Every structure is written in structure tokens, then in C-alpha cells.
There are 2 protein chains.
Amino acid sequence: MTRKPLTKPRKTASQERSRATVDALVEATARILVKEGFDKASTNHIAEVAGVSVGSLYQYFPTKEALVAAVVERHQQEITQTVRGELADVLAQPVEKAVRMLVEVAVRAHRVDPRLHRVVAEQLPRVGELEKLATFNRENFTLFRAYLENHRDELRVDDLELASFVCVTTIEALTHNAVLHHAKAMPDERMDKLIDEATRLVTRYLLG
Amino acid sequence: MTRKPLTKPRKTASQERSRATVDALVEATARILVKEGFDKASTNHIAEVAGVSVGSLYQYFPTKEALVAAVVERHQQEITQTVRGELADVLAQPVEKAVRMLVEVAVRAHRVDPRLHRVVAEQLPRVGELEKLATFNRENFTLFRAYLENHRDELRVDDLELASFVCVTTIEALTHNAVLHHAKAMPDERMDKLIDEATRLVTRYLLG
DNA sequence: CAAGAATATGAGCGATTATTCGCTTTCGGT
DNA sequence: ACCGAAAGCGAATAATCGCTCATATTCTTG
């Protein structure tokens with residue numbers, strides 16, 4: 001006597017088979033986003049590529065938005081795992097070393113899945129469910145600000161709020177552009193040089 | 001005996017009346033993009049807001065994309081006019097002054113129509129036709145690179161290609177984020193301070 | 001193996017979209 | 001005043017979209 005229409009809520013997969021279906025859907029969505037772009041990511045097409053029917057899609061994802069959100073979330077978890085722990089060590093380091101570590105971490109984060117990262121940054125409509133990106137960035141900002149406060153006496157800047165904004169924005173933009181827009185002209189050796197330059201840029205700004 | 005179907009090519013408006021129609025269409029598109037977002041910018045809706053029929057729209061714009069491209073082009077021309085000439089003076093200035101001028105110009109450019117600029121940057125990348133933005137940015141890059149070559153002996157950087165990338169990316173990201181994402185927390189006084197900081201950041205990087 | 005629960009199916013609904021075209025209205029030159 | 005060209009109109013079309021639901025298949029459990 002399951003009265004309610006089956007497609008309303010998102011079911012949690014309990015059997016092995018359905019877990020595979022969910023995985024196939026998320027994976028297919030990611031593949032389509034990367035290879036064909038957001039516009040081509042229709043629910044029918046996703047289901048087809050996943051080797052699954054549209055009906056099944058709506059058993060586990062109440063809306064297309066939820067499916068896209070799942071892809072973003074999976075990607076962010078992969079980044080978080082890649083970078084796990086490294087940020088905790090930064091607090092204890094002197095300024096130059098800390099900045100260098102942050103730059104390196106940023107590069108690694110952007111390299112987890114550059115093509116997917118690019119789609120997430122450039123193509124996904126800025127709707128509600130992916131505010132986790134903003135939250136993620138705000139955490140970076142807060143963390144860096146805390147670091148600056150801890151090392152306030154070594155610094156040549158007085159407005160720590162503004163300095164945090166400057167540093168975080170700069171590091172993010174440099175790594176983002178380098179990895180996602182200049183990948184061809186950026187072999188590993190050149191990328192190392194960019195890391196040096198970014199480190200020098202931010203360090204000299206902070207220390208004078 | 002005008003055989004050709006009227007809607008295929010983009011007609012060039014010759015009478016006063018039709019020029020007004022074209023203007024109304026571009027203006028309505030910009031308004032909708034800013035107030036309702038790209039998703040709500042359907043051709044029917046645009047025509048309605050412009051006080052014009054869909055048919056008329058397709059007399060002057062062969063496709064919806066062309067209409068959006070016209071909006072972007074108009075916006076870029078407004079920026080170019082606002083900033084006209086200022087860039088030419090930069091070449092003769094010493095490094096610190098030159099950097100400061102570039103930062104100030106970047107801020108002014110972003111302030112021409114911040115809300116439209118934000119839509120162009122964040123929502124339109126989903127479509128193709130905005131390669132003019134890339135060209136625009138590449139011109140900035142080339143210009144800055146030329147400046148660095150002219151002042152090579154004053155600089156503490158050896159790889160001018162890389163240094164240009166670092167400086168242009170940094171200035172663009174800082175001004176973009178400040179104007180478009182932190183506008184509320186950025187009164188004019190605070191924006192002046194940001195200009196100071198950005199100038200110091202880039203100048204110290206270049207001069208040591 | 002029986003039977004209910006879980007999972008899968010896909011044709012099709014309703015809404016929206018970009019674009020078309022036969023037609024009417026207005027303009028400019030004579 | 002007249003006529004061809006320019007400009008304007010909007011119902012109609014065909015495609016696509018997100019999503020539903022009645023039905024079929026497969027699993028699990030006793």
C-alpha cells in the first residue's frame with residue numbers, strides 16, 4: 001500500500017543494484033558536463049548515457065538540479081581528500097613557507113579534475129544548491145585570516161581583512177587561470193616557476 | 001517581388017523607426033539579463049519587454065545568440081570609451097605610477113555597468129559567441145607585456161611572459177572581485193585602499 | 001517457492017523554446 | 001495622391017525539456 005507517487009522524494013538506495021544505478025547516473029552526468037557541456041545535459045540524455053531509464057533517475061534524484069549538485073559534491077569531496085590535512089600544517093609555518101604551501105595546495109586542488117572544475121566554474125547556473133562552493137571559498141578566506149592574525153607582528157599590513165581578500169583572491173585567480181586556461185602552455189617545469197612567482201608576489205606583499 | 005524569406009539575414013536598419021526598434025531590443029535584452037538572468041531571456045519575452053513583436057526581432061537579429069552578442073559588444077564599447085586614451089599614457093610612466101593607473105582603469109572599467117558585467121562574466125560563458133572577451137583580455141596582456149619590455153632594466157623579473165600573466169591576472173581578479181562580489185562592503189574609501197594595496201602588491205613584485 | 005518490497009522501464013504529458021511566414025501598416029519619393 | 005519598399009505583426013510550428021506514472025522485472029526473506 002505505497003500510496004504516494006513514487007517519484008516525489010529521493011530514495012536512498014538500499015540494494016547493491018540501485019547503488020550502481022546512482023553511481024552510473026552521477027558518473028554519466030559528470031562525463032556529459034565535461035564532454036558536451038551543461039546545455040546537453042538533459043535528464044533523458046543523462047539516463048541514456050548511464051544505461052538507465054529516466055524513471056530510475058527520478059527515483060533517486062528529485063530534480064535535475066539535485067543530480068548536478070551531487071556531481072559538484074562528489075568533485076569537492078575528491079578535492080578535500082586530495083588536500084586533506086595539508087591546510088592544518090600551515091598555521092605553524094613562517095610566512096613564506098605558509099604562502100608557498102597554500103599556492104601548492106591550490107594548484108593540486110585545481111588539478112584534481114581540471115575539465116570538470118572548469119565546467120563547474122564557468123557553465124553551471126548559479127542556483128541555490130551549489131552554494132557549497134561559496135561556503136568552501138569562505139572557509140579558505142577565514143582560515144587565511146586566522147593565519148594572518150596569528151602572525152600579525154611579522155606583517156607589514158595593518159588591515160588584515162583587506163589583506164586576506166587580496167591574498168586569497170590572488171592565489172585563487174593565478175592557479176585557476178594557470179591550470180584551466182593555460183594548461184597547454186604550462187608544462188610542469190613552467191608551473192613550478194609560476195608557483196615560485198605567486199609565492200614571491202604574495203610574500204613580498206605581506207612582509208615588505 | 002522580394003523573393004527571399006525575410007527572416008533569414010540580419011537586415012541593416014535604414015529608417016529612423018527601425019533603428020529605434022533595434023535599440024529597444026538591445027536595451028530590453030540587457031535589462032532582462034541584469035534583472036531576470038539569462039534563463040529568462042527568451043526571444044518572445046525580450047520582444048514583449050521591448051514593445052515589439054518577435055517577427056521584428058528576427059528582422060534584425062538572425063538568432064538569439066546574435067542579439068546577446070550585440071549586448072556584449074555594446075557594453076564593451078562603453079567600457080572602451082570610458083577608458084579611452086588612458087592606456088596610451090601608461091607607456092611613458094614609471095613602474096609604480098603605471099601600475100596604479102592600470103589598477104584604477106580596471107576599477108573604472110568594472111564600474112561602467114557592474115550588474116551587466118557580472119551577467120556577462122558569470123552567465124554567458126555557457127554560450128559560444130563571447131570570444132571577443134578573450135580577445136579583449138589578450139589585448140590587455142599584450143599591452144602590458146610591451147610595457148614590461150620597455151622597462152626591462154628597471155625590473156627584478158626575468159621571464160616577462162610569466163610576469164605579465166601574473167600581473168594581468170592579479171589586477172583583473174582583484175578589481176573584478178572587489179567591484180562585483182564585495183560591492184556592499186566596499187564604500188569608496190575602502191575601494192581607494194584596495195587600489196593602494198593592489199598597486200603595492202604588483203609594484204613590489206615587479207621592482208623588488 | 002511464494003509474495004511483497006525494491007528497482008527498473010519508457011511512452012507520453014504539459015510547458016517552453018527559437019524560429020517562420022503570410023499578412024498588414026507605415027514610410028519616402030514622385 | 002499613389003506605389004513600391006521598409007518595417008512590423010503574431011499565430012503557428014516543430015523541437016526539446018523536465019518530469020510522471022502505470023506497469024514490468026528483480027530481489028529478499030521466510
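A salt bridge is a side-chain nitrogen of Lys or Arg within 4 Å of a carboxyl oxygen of Asp or Glu. With that rule in hand, the boundary between the two domains of chain A can be read in this predicted model, where the count between domain 1 of chain A and domain 2 of chain A is one salt bridge.

**The two domains of chain A**

Domain 1 of chain A covers residues 16-62, and domain 2 covers residues 71-207; their centres, taken over C-alpha atoms, are separated by 31 Å. Where the two domains meet, eight residues of domain 1 of chain A are in contact with eight residues of domain 2 of chain A. The size of an interface is often given as the accessible area lost when the parts come together. Here the area buried between domain 1 and domain 2 of chain A is about 780 Å², and carbon and sulfur atoms give 76% of it. On the side of domain 1 of chain A, the residues A:Leu33, A:Val34 and A:Phe38 supply 60% of the area that this domain buries against domain 2, which is more than any other three residues supply.

A salt bridge joins the side chains of A:Arg74 and A:Glu27, with a distance of 3.2 Å from N to O. Because the rule asks for a side-chain nitrogen of Lys or Arg within 4 Å of a carboxyl oxygen of Asp or Glu, the pair A:Arg74 and A:Glu27 qualifies at 3.2 Å. Across the same interface of domain 1 and domain 2 of chain A, two residue pairs are in polar contact, and the residues of domain 1 that touch domain 2 divide into five nonpolar, two polar and one charged.

**The surface near DNA strand C**

DNA strand C is surrounded by 25 residues, and the closest are A:Thr21, A:Gly55, B:Thr43, B:Tyr58 and B:Lys64. Of the atoms of DNA strand C that come within 4 Å of the protein, sugar and phosphate account for 68%.

| Residue | Atom of the residue | Distance to a phosphate oxygen of DNA strand C |
|---|---|---|
| A:Gln15 | backbone N or O | 3.0 Å |
| A:Ser18 | polar side-chain atom | 2.9 Å |
| B:Tyr58 | polar side-chain atom | 2.7 Å |

At least two residues of the surface near DNA strand C come from each of helix 1 (16-36) and helix 3 (54-60) of chain A, and likewise from each of helix 2 (43-50) and helix 3 (54-60) of chain B. Helix 3 of chain A gives the largest share of this surface, four residues. By class, the surface near DNA strand C has six nonpolar, 15 polar and four charged residues.

Terms used:
Residues numbered from 1 in each chain as written. Chains lettered and ligands numbered in written order. Predicted model: local features only at pLDDT ≥ 70, side-chain atom pairs only at ≥ 80, totals over all residues. Heavy atoms only, no water. Domains from an automatic or database assignment. Contact = heavy atoms within 4.5 Å. Buried area = accessible area lost by both parts, 1.4 Å probe. Polar contact = N/O pair within 3.5 Å; in protein donor to acceptor, adjacent residues only side chain to side chain. Nonpolar A, V, L, I, M, F, W, Y, C, P; charged D, E, K, R; others polar. Near = heavy atom within 4 Å.
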